[in-house]
Amino acid sequence: MFNLNMPPAPPSQHNSIQSHNDLFSCHESQHEKLNLICFPYAGGTSVTFSRWKKFLPSWINVYPVILPGREGRFKEVRQTDFTTLSAKLNTSLLPKLKDTPFAIYGHSMGAWFAHELAVFAVALT
């Protein structure tokens, strides 16, 4: 679990991590709860994590990452370079998690992105 001691992102209507101008933005972030950032497998979508909330304690918020070119972001160009996408994820996502306790989960390919985000977060602390 990480806490970067920065102000939380503004609340919104739904729990997904996406944006049109920026790779990701965290919606409905709550710093009294643990925000679980979830990266899907290659070809996966946020739907993979949609049922998790009912099986987890109420103090955990599930935030699936929606990558460019998928779901509501299908008009955006898919990123084919993992290193570039990882750097964009890290610099875009972490500032939105400031002062918010969070944990990171990644399945298969998502584990690579989760690991890179964790390394980046540790380097900032």
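Helix α2 lies across β1 and β3, and runs at about 150° to β3. This is a predicted model. The protein chain holds 2 helices and 3 strands. From the N terminus on, the order is β-β-α-β-α.

**Chain overview**

- The protein chain has 125 residues, and buried residues make up 44% of them.
- Take the contacts with a separation of 6 or more: 73% of them link residues 24 or more positions apart.
- The accessible surface of the chain comes to about 6,700 Å². Carbon and sulfur atoms account for 58% of that surface.

**The sheet**

- The 3 strands form an open sheet in the order β2-β1-β3, and the pairing is parallel.
- β2 (60–64) and β3 (102–106) are the edge strands, each pairing on one side only.
- On average, neighbouring strands of this sheet are turned by 25° against each other, direction ignored.
- Strands of a sheet pair through backbone hydrogen bonds, in either a parallel or an antiparallel way.
- Between β1 and β2 there are 5 bridges, and these two strands run parallel.

- β2 is mostly covered, with 5 of its 5 residues buried.
- I60, V62 and P64 point one way from the strand. N61 and Y63 point the other way. Residues on both sides are buried.
- N35 sits in strand β1. Its relative accessibility is 0%, so N35 counts as buried, the cut-off being under 20%.
- The side chains of N35 and Y63 are joined by a polar contact of 3.5 Å. Y63 is one of the buried residues of β2.

**Helix α1**

- Helix α1 spans residues 82–93, which is 12 residues. From its first C-alpha to its last, the helix reaches 16 Å. That is close to the 16 Å expected at 1.5 Å a residue.
- At the N-terminal end, D81 caps α1. A side-chain oxygen of D81 lies 3.0 Å from the backbone nitrogen of T83.
- The buried residues of α1 are L85, S86, L89, N90, S92 and L93.
- An α-helix has 3.6 residues a turn, so residues three or four places apart point the same way.
- What do the buried residues of α1 pack against? Their partners are β1 (34–39) and α2 (109–124).

**The loop between β2 and α1**

- G69 lies in the loop between β2 and α1.
- Why does G69 count as buried? Its relative accessibility is 7%, and buried means under 20%, so G69 falls within the cut-off.
- Leaving out residues up to four places away in sequence, G69 touches F74, E76 and R78.
- G69 and Q79 are 10 residues apart along the chain, and their C-alpha atoms are separated by 7.8 Å.

**Where to look in the model**

Conventions. Residues are numbered from 1 along each chain as its sequence is written. This is a predicted model: local features need pLDDT of at least 70, side-chain atom pairs count only at pLDDT 80 or more; totals for chains, interfaces and linings use all residues. Side-chain values use heavy atoms; hydrogens and water are left out. Helices (H or I, at least four residues) and strands (E, at least two) are DSSP runs, numbered from the N terminus. Buried means under 20% relative accessible area, exposed over 50%, partly exposed in between (1.4 Å probe, protein chains only). Contact means heavy atoms within 4.5 Å. Accessible areas come from the Shrake-Rupley method with a 1.4 Å probe; for residues, only the protein chains shown count as cover. The expected span of a helix is 1.5 Å times one less than its number of residues. A polar contact is a pair of N or O atoms within 3.5 Å; within protein, one must be able to donate a hydrogen and the other to accept it, and residues adjacent in sequence count only if both atoms are side-chain atoms. Two strands pair if DSSP finds at least two bridges between them. Axes are lines fitted to C-alpha atoms, for helices over the stretch in contact, and angles run from 0 to 180 degrees between N-to-C directions.
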